[in-house]
Amino acid sequence: MLGPKGVITDAHEIEPWASDWRGRVHGQSAAILAPGSTEEVAEIVKLAAEHRVPLVPQGGNTGMAAGATPPADGSALLLSLRRMNRVRSISAESRLAVAEAGVILADLHERAHEIGMRFPLTLGARGSCTIGGLTSTNAGGTQVLKFGTMRSLVAGVEAVLPDGSIHCGLSGLKKDNRGYSLDQLLIGAEGTLGVVTAVALRLVPAIASRAVAWAGVASPEAALALLRFLEARTNSIEGFELVPQDSLQLVLHHIPGTRSPLSGEHPWHALVEATTADPKHDINGEIEALLGAALEHGLIGDAVIAANEAQAEAFWKLRDSISEAERAEGQTLAHDISVPVAGMPRFITDASAEVERAFPGVVASGFGHLGDGNIHFHARAGSHAAPDWYEAEGAAITRMVDDLVTAAGGSISAEHGIGQLKREEFARLAPPGRIHALRAIKQALDPLGIMNPGKLVP
Ligand SMILES: Cc1cc2nc3c(=O)[nH]c(=O)nc-3n(C[C@H](O)[C@H](O)[C@H](O)COP(=O)(O)OP(=O)(O)OC[C@H]3O[C@@H](n4cnc5c(N)ncnc54)[C@H](O)[C@@H]3O)c2cc1C
């Protein structure tokens, strides 16, 4: 039915797609099915339902929760959407693009740019992650502050439901109150409720210019105060990332060609990006004046604005290289968590202290999307840790972090989803009502349990 391109059974070709991006979870699958159209996906799902064969939808396999990794017993088939990579339509007039699930994010950026528009969501994996995967994990990234997560950028979804029927929500209606939104249910469903085959996405006008600044601040509280100060005076702030001094130090130490933007040392740093679509808007002048005022108000210790695009990219490289630098330094345990924005500065300080107290030698800290109340809370094995530190202490540290997050009214998964990796903790900490509703929805739409079993729903 699928032709030779549509079925891969060679074990060597399958292998890289059967483990997660971090290489921590390994699965097995007898084949990768790679359909070329929505109709082919529907036929596959019907056959899978008939024969009770579970399917694991997969895009770029860049997810951080092992949601696209098949089970180790080889009972499921991988369903790759990567061949469905057409942008079906794109229009500046309607401000919409309809992209198939396998379209790579960077390719969509390019297509939008060609018509003077922009898809305002980006992240480190943009060269390999797909629209289907981004939708299914409700991905965020560095522009959520202004444009929201995928949930706010998706105007409609086309998907094959677990019974093989096709849901088509691609008309991009601004208003549609026909009850429960199937589109919204499918966003963030991690492939457990159906296979996303195409998505209608909102576009915004392309950027005319941007200002990228690096500011040294005394504390996470000061960083948040700086963000609020800027937001009260301009609508242009689009990115605001928090970087602790020790993370910056690691990047400077491990990543070749990097240098500190500021001459002195500061305990914390904020990377600020402001953009404008108006070619007459002097965005650099505006941000420079605002940072000058912030300095006068004592909100920052120092700041510098990138003099050109190369320098702007160099500032972002410092932020984007933190995980890589941490990996080069040694074992790191990552937590993608959120708490209410106002409570985040205190959370970072208190949780770091508590983890370091309970696990002597461990270095804990948070970096990332402060303005979204979402940081990557990482615990690093100190230099004296045993080689099996991750396996020995990891679960206990994670439980402690997750308890602290829950006590602060937060989420143990801000951006990355639940997948396989957070399912146990989700089951342990989520209110029973939430779990009950999730199970009921899953049972109603996928009674045979063929869509990505063992993921998300405890
Ligand atoms: C370097 C790097 C940086 C990242 N930065 C961020 C970030 O800043 N913010 C953020 O939110 N995330 C980030 N991520 C993780 C992010 O979740 C993924 O990059 C992206 O959302 C997943 O896309 P993918 O195509 O690779 O999906 P996959 O990894 O293939 O799949 C992810 C999940 O979606 C399901 N799925 C995939 N395609 C479909 C489909 N068509 N239909 C139904 N289900 C499907 C899978 O079954 C799985 O559960 C980052 C990842 C990397 C590697």
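1. Five strands make up an open, antiparallel sheet, ordered β5-β6-β10-β8-β9. At its edges stand β5 (87–91) and β9 (166–168), each of which pairs on one side only. From one strand to the next the twist averages 15°. Strands here are DSSP runs of E with at least two residues, helices are runs of H or I with at least four, and both are numbered from the N terminus. Two strands count as paired if DSSP finds at least two bridges between them.

2. The model is predicted: local features need pLDDT of at least 70 and side-chain atom pairs count only at pLDDT 80 or more, while totals for chains, interfaces and linings use all residues. Residues are numbered from 1 along each chain as its sequence is written, and side-chain values use heavy atoms, with hydrogens and water left out.

3. Ile166 in β9 is the bridge partner of Val160.

4. Helix α3 (residues 105–114) lies across β5, β6 (96–100) and β10, at about 35° to β5. Contact means heavy atoms within 4.5 Å. Angles run from 0 to 180 degrees between N-to-C directions, with axes fitted as lines to C-alpha atoms, for helices over the stretch in contact.

5. Another open sheet has four strands in the order β13-β14-β12-β15, again with antiparallel pairing. Its edges are β13 (237–244) and β15 (302–305); each has a single partner strand, so one side of each is left without a neighbour in the sheet. Neighbouring strands are turned by 15° against each other on average, direction ignored.

6. Seven bridges join β13 to β14 (residues 268–276), and the two run antiparallel. Pro244 stands opposite Trp268 in β14. Helix α9 (residues 245–254) packs on this sheet and touches β12 (209–217), β13 and β14; its direction makes about 85° with that of β13.

7. The ligand is surrounded by 34 residues, the closest being Pro57, Gly59, Thr62, Gly63 and Thr130; a residue is near if one of its heavy atoms lies within 4 Å. Ligand oxygen atoms lie 2.7 Å from a polar backbone atom of Gly59 and 3.2 Å from one of Glu190. A ligand nitrogen is 2.9 Å from an N or O atom in the side chain of Glu415. The protein covers 93% of the 970 Å² of accessible area that the ligand has on its own, by the Shrake-Rupley method with a 1.4 Å probe.

8. Elements giving two or more residues to the ligand shell are β3 (55–58), α4 (131–136) and β10 (195–202). The largest share, four residues, comes from α4. By class, the shell divides into 13 nonpolar, 19 polar and two charged residues; Gly counts as polar.

Terms used:
A polar contact is a pair of N or O atoms within 3.5 Å; within protein, one must be able to donate a hydrogen and the other to accept it, and residues adjacent in sequence count only if both atoms are side-chain atoms.
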